[in-house]
Amino acid sequence: MADITYAEAVDALISAAIRPKKAALPNETLCALHAAGAALVTEAMPLAAARRLVDAACPGRWIMFLTGVYDPIALPFGETDGPPGVAILARAVDGLGAKPVVICEEPITRSVELTSIAARLLPVRDPEHARRKAHTVLLEPFPVASLEASQQQARELLARYEPAAIVAIERLGWNVKRRYHYAGGTALPQQAYVECIVEAARAAGIPTLAVGDGGNEIGMGSILERVHEVVPAGRRCQCACNAGTACTVPADTLVVANTSNLGAYGIAACMSLLLDRADLIHDRSMEVRLLDAAAAAKCMDGGFVSPSVDGGEDSSLAVVELLHRVVDFACR
Ligand SMILES: [Zn+2]
């Protein structure tokens with residue numbers, strides 16, 4: 001095992017309060033949400049999540065990822081936060097012999113495909129193909145449907161794949177009235193009810209992990225009261241539901257970070273530390289390719305198709321460079 005005291009540096013890098021001034025949620029909110037998440041665990045959040053994922057990612061077992069936000073006008077192909085994080089954790093679990101399967105709306109699948117390619121994985125649609133071929137990512141579109149149909153679909157997916165863990169990364173999650181909102185409080189249309197997968201998994205004792213950065217993502221239900229307190233629109237949104245942006249769906253293990261991509265990278269870096277496998281975290285050049293891939297898939301950031309995340313411009317390149325350096329030092 002590498003020196004896991006480096007996990008504190010990983011957590012500090014992914015949660016550093018370096019959001020731009022005009023971010024949807026300010027740095028003070030990030031700090032408060034991070035502190036609330038940190039209080040749930042006895043070690044750095046990404047290290048706690050990495051332990052769960054390393055335990056789950058056995059050869060041949062499916063790891064089920066959830067990501068995506070869909071708005072037919074503003075985000076018709078999703079946003080740049082989420083798919084790159086999924087691609088890097090898919091790459092990490094593939095490195096352990098496990099099989100990544102990604103659940104999202106059909107319009108979001110292109111971003112998962114292109115970012116997977118940037119992470120040197122082959123996106124496929126046939127489960128048997130994915131089962132037989134290493135270094136693949138299986139795409140499993142989930143329809144926007146009624147609650148009952150979605151619950152049925154969730155049960156079928158869990159029965160088909162028997163996933164060893166569910167990992168939600170920047171997956172927009174419903175509030176107490178099953179409505180969806182941007183972090184600032186404006187409403188989104190109904191999303192695919194993938195929350196049903198998390199609920200069914202929790203009922204079945206399947207480990208659930210989640211990464212979020214704003215309080216409106218799956219997993220933030222674990223710190224719901226704090227989201228209500230520190231996110232300006234957390235308790236009260238700007239739509240008729242009047243129930244706030246806070247997602248009520250909890251996860252067994254939560255990671256709060258500056259962006260959800262960075263949260264996912266932090267988990268991959270801590271997997272590297274636990275296994276003394278420096279290859280599980282990517283480097284700056286792959287991060288450039290991931291962001292270009294997200295933009296090529298027409299993912300949006302701040303209203304533009306842009307190879308940047310949450311308005312952070314090129315800051316993720318520098319963070320990834322340091323994560324890679326920390327892991328390199330630890331694994332020598
Ligand atoms: Zn509302």
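How many bridges join strand β2 to strand β4, and in which sense do the two strands run? Strand β2 (residues 99-104) and strand β4 (residues 136-141) run parallel and are joined by 4 bridges. This is a predicted model, in which local features need pLDDT of at least 70 and side-chain atom pairs count only at pLDDT 80 or more, while totals for chains, interfaces and linings use all residues. Residues are numbered from 1 along each chain as its sequence is written.

**Strands and crossover**
- Strands (E, at least two residues) and helices (H or I, at least four residues) are DSSP runs, numbered from the N terminus.
- Two strands count as paired if DSSP finds at least two bridges between them.
- Cys-104 has Pro-141 in β4 as its bridge partner.
- Strand β3 (residues 122-124) also pairs with β4 in the parallel sense, over 3 bridges.
- Leu-122 has Thr-136 in β4 as its bridge partner.
- From β3 the chain crosses through helix α6 (residues 127-132) to β4, and this β-α-β crossover is right-handed; that is, with the strands pointing away from the viewer, the path from the first strand over the helix to the second runs clockwise.

**Nonpolar core**
- A residue is buried if 20 or more other C-beta atoms lie within 10 Å of its own, exposed if 12 or fewer, and partly exposed in between, with C-beta atoms placed from the backbone.
- A nonpolar core is a set of buried Ala, Val, Leu, Ile, Met, Phe, Trp, Tyr and Cys residues joined through C-beta atoms within 7 Å.
- The largest such core has 118 residues, and Leu-53, Ile-63, Phe-65, Leu-89 and Ala-268 have the most contacts inside it.
- Helix α10 (residues 260-275) gives the most to this core, with 9 residues.
- Leaving aside residues up to four places away in sequence, Phe-65 touches residues including Val-86, Leu-89, Pro-100 and Ile-169 (contact: C-beta atoms, placed from the backbone, within 7 Å).

**Helix α3**
- Because 9 of its 12 residues are buried, α3 is largely enclosed by the rest of the structure.
- The buried residues of α3 include Met-45, Pro-46, Leu-53 and Ala-56.

**Positive phi in two loops**
- Most residues other than glycine have a negative phi.
- Asp-276, in the loop between α10 and α11 (284-296), has a positive phi near 55°.
- Asp-276 is partly exposed, because 14 other C-beta atoms lie within 10 Å.
- Lys-298, in the loop between α11 and β10 (300-301), has a positive phi near 70°.
- Lys-298 has 15 C-beta neighbours inside 10 Å, so it counts as partly exposed.

Methods:
Two residues are in contact if their C-beta atoms, placed from the backbone, lie within 7 Å.
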